[in-house]
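I am opening a notebook on a structure that is new to me. I will write down what I looked up, in the order in which I looked.

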Protein chains: 2
Amino acid sequence: MTQTSMGRRDCNRIREVFMARASISDVAQLAGVSESTVSRALNGKGRVSDHTRQRVTAAADELNFTLSRNASTLATGKTMRVLFLVSGELKAWFNASALQGVYGVLAPEGYDVMPSFIMNGAELQRYFAELPKNRNADAIIVSSFLFSQELHDQLAASGMPVIGLNSPSTQGFDASITIDDNIAVAQGVQLLYSLGHRKIAFLHDCIPTDMLYSTSTRTESFIAAAHRLGYTDDDCRIFSAEPHQNGHPPSDTFPKLTAQLLSCGIPITGIMAETDEFAIPLIKELRKQQVRIPEDVSVLGFDDANIADIADLTTIHQDPIELGRRAAIKALALMRGKTLEHPHEVLPTRPVLRQTTRRVHMV
Amino acid sequence: MTQTSMGRRDCNRIREVFMARASISDVAQLAGVSESTVSRALNGKGRVSDHTRQRVTAAADELNFTLSRNASTLATGKTMRVLFLVSGELKAWFNASALQGVYGVLAPEGYDVMPSFIMNGAELQRYFAELPKNRNADAIIVSSFLFSQELHDQLAASGMPVIGLNSPSTQGFDASITIDDNIAVAQGVQLLYSLGHRKIAFLHDCIPTDMLYSTSTRTESFIAAAHRLGYTDDDCRIFSAEPHQNGHPPSDTFPKLTAQLLSCGIPITGIMAETDEFAIPLIKELRKQQVRIPEDVSVLGFDDANIADIADLTTIHQDPIELGRRAAIKALALMRGKTLEHPHEVLPTRPVLRQTTRRVHMV
DNA sequence: TTGTAGGCGTTATCAA
DNA sequence: TTGATAACGCCTACAA
């Protein structure tokens with residue numbers, strides 16, 4: 001270890017005095033072996049005799065030493081970090097749950113998870129423009145995003161595996177895990193049908209965005225499913241909220257929707273809302289207007305978020321923790337150079353019956 | 001650029017063909033300057049003439065280059081990463097919100113946030129044993145943890161700033177941000193008092209843990225506050241749930257508590273629950289037993305989590321996003337070597353009136 | 001303001 | 001199985 005630069009040297013000396021950070025060479029010296037051997041002994045790769053390994057381990061313990069992730073990263077090109085990108089709020093039920101799932105499988109494997117969230121298309125643009133050049137992660141899991149071809153190309157250029165989570169298509173993803181929104185909505189329609197509801201409505205929450213996986217496809221799914229079950233255009237209606245303002249529906253959304261529902265001319269008894277979050281304030285408003293739920297009208301949500309349980313809301317269940325887990329498992333495999341047999345998978349959804357729906361008693 | 005090692009060279013060649021990753025030397029060459037100049041031009045530190053900077057920037061853009069975080073990390077010792085450690089689930093309202101707050105201030109400053117969660121004391125022990133040696137982050141924000149002196153010492157040895165978030169004491173933290181549980185509970189008691197409730201109860205949720213900031217201090221705070229307002233021991237009662245089993249109260253918790261409440265011999269009209277999450281199932285059970293809320297009994301929660309709004313629960317409001325933000329701001333300052341004027345701060349709480357409490361009409 | 005020459009703490013190659 | 005040596009990609013002290 002030659003040291004000609006005084007500045008550095010002083011710096012090191014200070015560091016050693018204050019916190020005694022050992023480096024691999026210290027361990028090598030103490031164990032009486034070379035740095036390479038320490039490296040091999042400590043990171044598991046490469047053959048080292050048991051005897052040597054023990055000596056090295058002992059020396060490392062004594063010096064309170066572990067290998068530096070950063071240095072390894074630089075040498076190997078592996079960062080042991082995974083990006084988790086979501087749109088909207090990190091604290092949202094879906095995102096937080098998915099993060100927990102991702103973390104749950106990645107952390108035990110020694111990976112760090114770095115969440116990011118992005119609010120609009122411009123940010124997304126910028127984010128992905130930087131991403132491939134940063135080589136700051138080994139994989140990226142992307143939740144609910146809609147990707148342009150351009151972004152796809154940028155990502156492909158990064159060489160990083162890109163895993164989709166509830167993304168609208170498999171386009172641009174090396175692997176993906178998702179629910180089938182189409183089927184899920186059909187489950188809801190089927191439920192309303194089975195309960196005897198012959199006039200039904202879908203309530204669409206309009207989230208304007210240039211990048212989010214718009215749940216607007218649920219509207220189409222609803223109509224298609226209803227038609228398959230024999231509902232005519234007069235038997236099933238769509239009501240749309242005004243576009244969100246700073247992350248929430250405008251304040252008069254639910255009174256307006258309630259008014260529309262009650263004045264639309266057909267006696268709707270079954271309502272499916274696009275999300276639980278949308279269903280609950282609607283129910284509150286309906287009850288305020290003396291519409292009894294579920295006696296007069298049944299209401300069905302979508303997601304089975306924690307609030308659905310609180311509100312006793314019948315809904316369609318999906319499991320973001322499991323989605324996160326699966327995404328992470330795929331990421332893990334891809335980072336390890338494996339080829340996935342089934343890169344794109346679909347997780348089932350199911351209805352959960354609670355107290356906001358009931359069987360219609362025919363007149 | 002001398003290259004004697006064939007292996008590496010091949011590797012580089014392959015990489016260049018496939019993804020054309022430029023390094024700082026490529027930029028230097030293209031811009032016709034030295035690597036140091038590129039470094040200075042791109043990372044902002046150090047003086048570079050405008051003309052040179054422009055040439056460098058242009059070259060970097062052309063080569064689709066940005067500085068590698070990892071390499072910078074190794075050279076500078078700054079990782080530009082912050083750990084965020086929580087106990088319990090990441091998806092829990094408090095944790096997810098705090099994370100969002102932390103992320104909100106750190107991300108724009110170029111920091112990555114790495115969340116971790118830890119379920120028990122053993123994991124905590126292990127986590128902190130590794131932490132100082134890893135030098136994998138520049139600071140750590142710790143949410144709601146109780147620290148032993150031993151852990152404190154280990155952390156201090158790491159040289160990393162440690163910021164507490166709703167931790168029970170400032171002990172062991174370089175900075176902290178918290179609410180005052182004592183005051184918050186007193187606000188609740190005062191509210192019940194002002195509403196005319198003269199027989200009140202506190203419901204304690206028993207979360208057994210060897211590391212979590214136990215909210216059990218709230219019980220004592222409740223008694224103290226009640227006494228200050230003139231409640232006698234006969235006027236205020238404490239009811240405790242059985243210890244959690246796998247993260248939740250035992251299933252018969254709320255029927256049991258309800259029975260206790262109704263049979264305790266004093267006509268309790270005001271209840272404060274330790275958390276919103278605890279209050280809501282209690283209310284459901286009470287209503288099931290034909291106890292009208294708020295007509296017969298007023299119930300008050302604690303937290304103002306999103307579910308409180310859903311359940312129309314009167315509660316004590318705290319703001320974990322803001323707590324996260326403040327913690328991050330402190331972290332930022334400390335990482336930048338600043339000394340905080342007020343390292344330990346307290347954020348106010350306030351009652352939020354909803355539909356589960358009402359004024360008692362005296363007989 | 002710019003260039004030179006280490007150094008950051010690992011891993012990988014090759015030879016022994 | 002082990003060791004010497006050269007990367008990995010950037011930053012910084014110093015001299016120019």
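Before naming any helix, I note that helices (H or I, at least four residues) and strands (E, at least two) are DSSP runs, numbered from the N terminus. With that settled, I find that S72(B) lies in helix α5 of chain B.

Entry on the source. This is a predicted model, in which local features need pLDDT of at least 70 and side-chain atom pairs count only at pLDDT 80 or more, while totals for chains, interfaces and linings use all residues. Residues are numbered from 1 along each chain as its sequence is written, and chains are lettered from A and ligands numbered from 1 in the order in which they are written.

Entry on chain A as a whole. I counted 14 helices and 12 strands in the secondary structure of chain A. The C-alpha atoms of this chain fill a box of roughly 90 × 40 × 35 Å along the principal axes. Its radius of gyration is 27 Å, whereas a compact globule of 363 residues would have one near 21 Å; the radius is taken over C-alpha atoms, and the globule rule is 2.2 Å times the number of residues to the power 0.38. For burial I use C-beta atoms placed from the backbone: a residue is buried if 20 or more other C-beta atoms lie within 10 Å of its own, exposed if 12 or fewer, and partly exposed in between. On that count, 45% of the 363 residues in chain A are buried. Two residues are in contact if their C-beta atoms, placed from the backbone, lie within 7 Å, and of the contacts in chain A with a separation of 6 or more, 72% are between residues 24 or more positions apart.

Entry on the two copies. How is chain B superposed on chain A? I find a rotation of 180° with 0.1 Å of shift along its axis, at an RMSD of 0.1 Å, and this is the relation of a two-fold axis. The superposition is by least squares on the C-alpha atoms of residues with pLDDT of at least 70 in both copies. Of the residues of chain B, M114(B) comes closest to the rotation axis, with its C-alpha at 2.6 Å.

Entry on the interface. I find 37 residues of chain B in contact with 37 residues of chain A. On the chain B side, α5 (69-76), α6 (93-106), β2 (112-118), α7 (121-134) and α13 (306-310) each supply at least two residues. That side divides into 17 nonpolar, 13 polar and seven charged residues, where Ala, Val, Leu, Ile, Met, Phe, Trp, Tyr, Cys and Pro count as nonpolar, Asp, Glu, Lys and Arg as charged, and the others, Gly among them, as polar. The copies meet through the same surface, because 100% of the interface residues of chain B are also interface residues in chain A.

Entry on two pairs of residues in chain B. F94(B) lies in helix α6 and is buried, with 24 other C-beta atoms within 10 Å. F94(B) and D304(B) are 210 residues apart in sequence and 10.0 Å apart in space, C-alpha to C-alpha. Returning to S72(B), I see that this residue counts as partly exposed, with 17 C-beta neighbours inside 10 Å. S72(B) and L286(B) are 214 residues apart in sequence and 60 Å apart in space, C-alpha to C-alpha.

Entry on helix α8 of chain B. Which residues of this helix (residues 149-158) are buried? They are L151(B), Q154(B) and L155(B), and they cover an arc of only 95° around the axis, which puts them on the same side of α8(B); the arc is that of the directions from the helix axis to the C-beta atoms. On the other side of α8(B), Q149(B) and E150(B) are exposed.

Entry on the backbone. Most residues other than glycine have a negative phi, and most peptide bonds are trans. I therefore noted N64(B), whose phi is near 60° and which is partly exposed, with 15 other C-beta atoms within 10 Å. A cis peptide bond joins I293(B) and P294(B), with omega about 5°, and P294(B) is found in the loop between α12 (276-288) and β9 (298-300) of chain B.
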